[in-house]
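Subject: Structure handover

Hello,

Here is the structure for you to look at. My notes on what was found follow below.

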Amino acid sequence: MTLQPQSTDHSDNQSTSTESRSFRTAGLVVMSAAVLAAAAFVGMLVGEFTRLGISEAGSSKASSDDEPGFTSKSGPQNLKDWKNPELVLVLSGEMHGFLLPCGCSEPQYGGLERRFNFIEGLRKDRKWPVMAVDLGDLAQSTDDILSKGSLLTDHIRNFQGVLKYTTAMKALDEMKYTAMGIGWRERALQEGGHQGLSVALDNFALNNKSPRLLAANLKDRGEKERWMDMVGDWQLAKVENTRLKVGVTGLVGKSVRHSDHLKGETDVAWVDETDDVIKKALKEQKNAGVSMRVLIYQGTMDEAKRLIGQFPQFHVVLCLSDGDLAPGIPQQVGDTLIVTVGYKGHSVGVVGVFQQKPNQYEMRYQMVDIGPELETPKGKEKDNPILKLLNEYTLTMKNNPQDYLARYKSLQTSHPLQANNDTKEDTVDYVGSGECKRCHAHAYEVWSKSPHFKAYEALSDLKRTRIDNRKYDPECVVCHVTGFGYRSGFTDEKDPNFKKLKDVGCESCHGPGSRHVNEHVNGVKKPKIDAEMNPWKRLPRPREQAINATCIKCHDEENDVHWKFSDHWPKIDHPTPPEEKPKGSGSGTGEDER
């Protein structure tokens, strides 16, 4: 039967998607002790639940060798109505290094802390038998940073990639994940001048068997092979209080094996003809008495559909998404559900398996948003092991600045004002907003009443950041200070100019101001760069779009989900009043001076 999508429109734009999320489920219960405040949320799950249909008759007989039969039916129902599932399978993936929301605006979705609370709620509050698997692409890549189109793109390097990956893997272990796939991002990790799968494996799988990394068509696996026993082909899930034995297989599709993101890769070899490795895994699972089969497939939806056409023995397939947001319903090929969960851990997929009669089970599916209601309640933070891991993550950056924040000192580049106007005798440097106040008292007053004035302080606001020491995280610092990444701009708290350049000051938008100050305050006659410092002033009206292009370098849709220029600009608009204008300049009204 044809599966019809629900009425929800999932736009890729975060600000508009916030509205559409009201039609989607926002989460489930939370851990009984650590997430007490979210307990009421159990009965409020409303969203796009799908019981998917295999046939109009909705029945499927057990196979001749007496294996259990699995069916699914279409029809809306809320997760809160699930009763006594035989098994609950949580599906996640493609986190791209997104450990937790930054906290700069709400509602932001995703985060390992919240996911832990959701899964613990299923296990402890609902007392359901739960297992979890992850698709992979857990790591952050350089390409992910470059694609942001923000100040991160301009200045941030992927120095935190390995630290994020190991932190995330430890978190999945805390959540008792059974297995995880291997994406191209794991193969792109870099450390100490080396890049490749060995970086990911050496930093976690070498000494940790859980969650089990799976890629059945990866060559050189085995005790005496290159990758030793760090990567398996399939894993038997260990789940208490269920009659089902679940086997999880990992496979990497052609599009990922030969990804354009990894041109020149030499340290990984693949079995391109995958039929034999799949047959081998299925045979071993049959011999082990596996009754339900899950495939972690690092490939596209089209590749997954073709594969299941050949191997319909798999009951659930988790494959790559084609967009940021997860669809409310999975695809279906025959008796197999093919699930995608979107990017950055904003959502997870949940498959419930229910016994209908002896040896006959029905699968139901629910996509769940990992939203703010799943945060750990105040006073219960110490009960959440993921928050402990995340605090260790930022503490590592604090204690090892030479590997993180301090590395950017040697990478500073020239701001366009510096590139265009530096001379051997005189350089253009950052001076701090205090210098601006001497002539632009009105603009300074407007700035001092805005959140920009305390932007650096916000990095220590635990109500928003959830974890401590965010001011040592370059990916946060870049948008909370002045001139980060540029010569003479902010570096760290040890810099002599720290107090001048912390917070988002005048020069964050206008550029370094030493030449301007020397000319107008100290009377040092140098070529004027006023026009370069305020390029918007001479643009024809309306010029809001041009100004907004500077704002969204930090106020992008991910970090400021409600950003609307017309709402925020009036709060910081700072036209020069007539009494501050130099004689003979402009109209004297102040309307054109910004």
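**Disulfide and cysteines**

The link of Cys 479 and Cys 554 is left-handed, with -90° about the S-S bond. The sulfur atoms of Cys 479 and Cys 554 are 2.0 Å apart and form a disulfide (a pair of cysteine sulfur atoms within 2.5 Å). The structure holds one disulfide. Cys 479 sits in the loop between helix H16 (474-477) and helix H17 (498-501), and Cys 554 in the loop between helix H21 (544-551) and helix H22 (565-572), so the pair ties together parts that are 75 residues apart in sequence. Helices (H or I, at least four residues) and strands (E, at least two) are DSSP runs, numbered from the N terminus.

A word on the source. This is a predicted model: local features need pLDDT of at least 70, side-chain atom pairs count only at pLDDT 80 or more, and totals for chains, interfaces and linings use all residues. Residues are numbered from 1 along each chain as its sequence is written, and side-chain values use heavy atoms, with hydrogens and water left out.

Is Cys 479 buried or exposed? Cys 479 counts as buried, at 19% relative accessibility. Buried means under 20% relative accessible area, with a 1.4 Å probe and protein chains only. Cys 319 is buried too, with a relative accessible area of 0%. Cys 506 is in no disulfide. The cysteine sulfur nearest to Cys 506 belongs to Cys 436, 3.9 Å away.

**Strands**

Six strands form an open sheet. Their order is E10-E11-E12-E13-E15-E14, and the pairing is mixed. Two strands pair if DSSP finds at least two bridges between them. Strand E10 (234-236) and strand E14 (331-333) stand at the edges with a single partner strand each, so one side of each has no neighbour in the sheet. From one strand to the next, the twist averages 20° (axes are lines fitted to C-alpha atoms, and angles run from 0 to 180 degrees between N-to-C directions).

Strand E11 (residues 246-252) pairs with strand E12 (residues 292-298) in the parallel sense, over seven bridges. Opposite Gly 247 stands Arg 293 in E12.

Now strand E16 (residues 347-357). Eight of its 11 residues are buried, and the strand is mostly covered. E16 pairs with strand E3 (residues 87-92) in the antiparallel sense over five bridges. Val 350 in E16 is the bridge partner of Val 90. E16 also pairs with strand E17 (residues 360-369), antiparallel, over 10 bridges. There, Ser 347 stands opposite Asp 369 in E17. E16 and E17 form a hairpin with two residues between them. Asn 359 in the turn has a positive phi of about 65°.

**Cavities**

How many cavities of 30 Å³ or more does the structure hold? It holds two. On a 1 Å grid over the protein atoms alone, a cavity is a set of points where a 1.4 Å probe fits but cannot get out, and lining residues have an atom within 4 Å of a point. Grid points are joined across faces, edges and corners, and a volume is the space filled by probe spheres set on the points.

The largest cavity has about 50 Å³ of space. Its lining includes Asp 154, His 155, Arg 157, Tyr 408 and Phe 484. Residues lining the second largest cavity include Leu 405, Tyr 408, Lys 409 and Phe 484.

Best wishes

How values were computed:
Buried < 20%, exposed > 50% of the residue type's maximum accessible area, 1.4 Å probe, protein only. 1 Å grid on protein atoms, 1.4 Å probe; cavity = no way out; pocket = protein on both sides within 12 Å on 5 of 7 lines; lining within 4 Å.
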